[in-house]
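Biologist: I have a chain on the screen and some labels to question. Can we take them one by one?

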Amino acid sequence: MENWRKEEKDFFDLHVHSHYSRDCKSNPKSIIKEAERRGLSGLAITDHNTTDFHYKVRIETDLLIIPGIEVSTNKGHIIGLGIKNTIPKRLSIEETIETILEFGGEAIVPHPFDITRKGIGKRIFKLEKIFVETQNGSCWLQYFNNRAKNFARRKNFPETGGSDSHRIQDVGMAYTVCPKGIESIDDLLESIRKRKTKGEGAHLSLPEKFIRAFQIHL
Ligand SMILES: [Zn+2]
Ligand SMILES: [Zn+2]
């Protein structure tokens, strides 16, 4: 990780939860501190079904903070990237994506093939106008991420990566790698749309998943 800055790349964790998600206790200040410590250029806070973070939190930082939301559709999770709007729960996948696009955001399909964590699975095969999360730090099998990578590359969908962190120490575990020079949210979205990005990084092991489950819910 110390080597990140040596390369001509920018690193963004585009899937981070804060204590505005019911299943997460991460304090916003600690999230930002950890992201700075890891050398990220920015991060997207994508809480479950709420964008409260983006209205209530004001923190001095040089990091690019990208608004977002992880929506529970009636068939799994979809992330709205670049929007502060709340999207109703339990709409269909297609309605959710349409609503995100109407608000001017982009729709990411997170952990699509992780059947243990509300991935939308094969339903992704019918979708268009999506970004695919090809590295999710909370998938306990890299197999799920590899399927997403193969799918996105075969179909030429834009790629993102994110930690899906629910604990401070997991922030930045997985990330979106971009060519250096991203200075705004528009730059970032454009870089992803132009397929200049990749999802990379690590993921939690199965024992860590168990430990995390206790840390979150105790
Ligand atoms: Zn999810
Ligand atoms: Zn998530």
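Modeller: Start with Gly-80, which stands opposite Ala-107 in β5. This is a predicted model.

Biologist: How do you know that strand β4 and β5 pair?

Modeller: Pairing needs at least two bridges between the strands. Strand β4 (residues 76–81) has three bridges to β5, so the two count as paired. They run antiparallel.

Biologist: What makes β5 and strand β6 a pair?

Modeller: The cut-off is at least two bridges. β5 and β6 (residues 131–136) have two, so they qualify. Their sense is parallel. Within β6, Val-132 is the bridge partner of Val-109.

Biologist: What makes you say that both faces of strand β5 are covered?

Modeller: Look at the residues of β5 (residues 106–109) by side. Glu-106 and Ile-108 lie on one side, Ala-107 and Val-109 on the other. These four are all buried. In a regular strand, side chains alternate between the two faces of the sheet.

Biologist: Why is Phe-53 called buried?

Modeller: The threshold is 20 or more other C-beta atoms within 10 Å. Phe-53 has 23 such neighbours, so it counts as buried. Phe-53 belongs to helix α2 (residues 52–56).

Biologist: Which residues does Phe-53 contact, beyond its neighbours within four places in sequence?

Modeller: Ser-18, Tyr-20, Pro-28, Ile-45 and Asp-47. His-19 is 34 residues away from Phe-53 in sequence, yet their C-alpha atoms are 8.6 Å apart.

Biologist: Which members of the largest nonpolar core touch the most other members?

Modeller: Phe-12 and Leu-43, out of 48 residues. Leaving aside neighbours within four places in sequence, Leu-43 is in contact with Phe-12 itself, and also with Asp-13, Val-16, Ala-35, Leu-63, Ile-65 and Ile-66. In soluble globular proteins, nonpolar side chains tend to be buried together.

Biologist: How do you know that the protein chain agrees with a compact globule?

Modeller: Set its radius of gyration against the rule. For 218 residues, a compact globule would be near 17 Å; the protein chain has 16 Å, so the two agree. Its C-alpha atoms fill a box of roughly 40 × 40 × 35 Å along the principal axes.

Biologist: What share of the residues is buried?

Modeller: Buried residues make up 46% of the 218.

Biologist: And what share of the contacts with a separation of 6 or more joins residues 24 or more positions apart?

Modeller: That share is 61%. As for secondary structure, the protein chain has six helices and nine strands.

Definitions and conventions:
Residues numbered from 1 in each chain as written. Chains lettered and ligands numbered in written order. Predicted model: local features only at pLDDT ≥ 70, side-chain atom pairs only at ≥ 80, totals over all residues. Core = buried A, V, L, I, M, F, W, Y, C linked by C-beta atoms within 7 Å. Buried ≥ 20, exposed ≤ 12 C-beta atoms within 10 Å, placed from the backbone. Contact = placed C-beta atoms within 7 Å. Rg over C-alpha atoms; globule rule 2.2 N^0.38 Å.
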